[in-house]
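Hi there,

Here is the structure I promised to pass on to you. Have a look at it first, and then read my notes below.

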Amino acid sequence: MSAETGTRNIVVVGGGIIGSTTAYFLSRHPSYDPSKDNITLLEASKIAGGASGKAGGLLATWAYPAALVPLSFRLHRELADAHDGRERWGYREVNCGQVDCKGRAIEKVEKKSKDGAKEGSSVSLEKRSAAALKKLKGAGVPEDLDWLDADAVNYYESMSGPGETAQVHPYLFTTSMAKLAEEKGVKIELGAMVKSINTTSTSEKAVESVMYSTPDSDAPKTILASIVVLAAGPWTSRVWPSAPITALRAHSVTIKPTRPVSAYALFTEISLAAHTLGRPAVRAAPEIYARPDGEVYACGEGDSLVPLPATTANVEVDQQRCDDIIASVGTVSEELREGEVHARQACYLPNTAVRGGPFVGLTSVTGLIMAAGHTCWGIQNAPGTGKCVSEMCFDGKVRSANLSSLDPRKFGV
Ligand SMILES: Cc1cc2nc3c(=O)[nH]c(=O)nc-3n(C[C@H](O)[C@H](O)[C@H](O)COP(=O)(O)OP(=O)(O)OC[C@H]3O[C@@H](n4cnc5c(N)ncnc54)[C@H](O)[C@@H]3O)c2cc1C
């Protein structure tokens, strides 16, 4: 804060779910005074262009870290209540289970694609008979989870139900947070690629300004900053090299099933017969989430084949990996097998180079706050992170949770 004017110049780097939700909570903090305080969010490409727009969206009381989860799970419900999140970003409670399956043997599954990318043969319909439903029940499958093939399920185990698990549509949630923040005075600059965070040259370093480039100008721009929130997800170590954060690519697809399916998030283990993926027999473990917008989301395992590109706009999508996810989920559900593929996509997860994370808190540089490294639970933990960071900025300390275990200084930042 400027000693003379009392003005706070807060710059948030990154418009994923962490940066956008942080901007939202900054704009709702009781001490925020839009006539004095400047909050700017700098986003290199577009809001939710990375993992925050392409994640599954599961929220769970059993997620990690324990320091953030209960607060964040509760805040998700409160945000949905306050802003009609059920309608606006698909917040709903959901059942969650793990299921072990034997995928039906299919020579090659090719899906009808909305964008016409792939047209191909599909497997004949198999009507849900009383005998099939009995088989599902025998494997422990709940009655309303009737969109798994009866012959496919070896066993089903419930992990949690409503009250313990919920979901949001990550893209809609993140863009809504950014919009709600903007409505209260946060300035959002898209195409703003942060090049450096400048600090004082005194022995006790403090942030002074942020330098960034924009597509409309050859010369870099500089914005004054008394507080900088580093929320660049997997790119964080490119902006601040001592951040122990790495990147892992993951592919996902969305499919419009042949009929509405019940609200389940499924962790699967599927043994696939030889040739299903055009290869020898393998086991696949796609996560499959039914969504309230009528689509089903499925994601596969991560890979390190292609290094993190410069921006979210340059992420390379490997069509074969998307085809593999589509084929594997198609071996256990007629509704997915016969459904229409709406999206084939990839993104990078912010992973951590050390045990622990995310890193949320003050750093060894005065005014520099880190909120990054949320691994596979960034959607679940975004509201808790944003709320706590807003308290660090305006109150100088966190009031809503004890985040000492996530302190970036413990990890050399
Ligand atoms: C397949 C998959 C499924 C997932 N499912 C779930 C789930 O079900 N539940 C859950 O809780 N989590 C899930 N996650 C994890 C979650 O998606 C991430 O933890 C979360 O999106 C990370 O958010 P972020 O804002 O830190 O990063 P990002 O979403 O990557 O956002 C970072 C932003 O920073 C911007 N940026 C980068 N560099 C700069 C720069 N120099 N200047 C300005 N801006 C910059 C980028 O353009 C980007 O928009 C999943 C992740 C994957 C990959």
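Before we start, one term: a polar contact is a pair of N or O atoms within 3.5 Å. Please also keep in mind that this is a predicted model.

Let's begin with the ligand. A polar backbone atom of cysteine 376 sits 2.8 Å from one of the ligand's nitrogen atoms, so this pair falls within the 3.5 Å limit. Alanine 44 also takes part through its backbone, with an N or O atom 3.0 Å from a ligand nitrogen. For isoleucine 379, the backbone N or O atom is 3.0 Å from an oxygen atom of the ligand. On its own, the ligand has 1,000 Å² of accessible area, and the protein covers 97% of that. There are 40 residues around the ligand, and those that come nearest are Glu43, Ser52, Leu58, Thr375 and Gln380.

Now for the chain as a whole. It is divided into domain 1 (9–91 + 167–244 + 352–411) and domain 2 (93–163 + 247–349). Their C-alpha centres are 31 Å apart.

How do the two domains meet? On the domain 1 side, 22 residues are in contact with 26 residues of domain 2. About 2,200 Å² is buried between the domains, with carbon and sulfur atoms giving 63% of this area. Lys54, Gln167 and Trp235 supply 29% of what domain 1 buries against domain 2, more than any other three residues. Across this interface there are 11 residue pairs in polar contact, but 0 salt bridges. The side of domain 1 that touches domain 2 has 10 nonpolar, 10 polar and 2 charged residues.

Enjoy exploring!

Best wishes

Technical notes. Residues are numbered from 1 along each chain as its sequence is written. This is a predicted model: local features need pLDDT of at least 70, side-chain atom pairs count only at pLDDT 80 or more; totals for chains, interfaces and linings use all residues. Side-chain values use heavy atoms; hydrogens and water are left out. Domain bounds come from an automatic or database domain assignment. Contact means heavy atoms within 4.5 Å. Buried area is the accessible area (1.4 Å probe) that two parts lose on being put together, summed over both. A salt bridge is a side-chain nitrogen of Lys or Arg within 4 Å of a carboxyl oxygen of Asp or Glu. A polar contact is a pair of N or O atoms within 3.5 Å; within protein, one must be able to donate a hydrogen and the other to accept it, and residues adjacent in sequence count only if both atoms are side-chain atoms. Ala, Val, Leu, Ile, Met, Phe, Trp, Tyr, Cys and Pro count as nonpolar, Asp, Glu, Lys and Arg as charged, and the others, Gly among them, as polar. A residue is near a molecule or strand if one of its heavy atoms lies within 4 Å of it. Accessible areas come from the Shrake-Rupley method with a 1.4 Å probe; for residues, only the protein chains shown count as cover.
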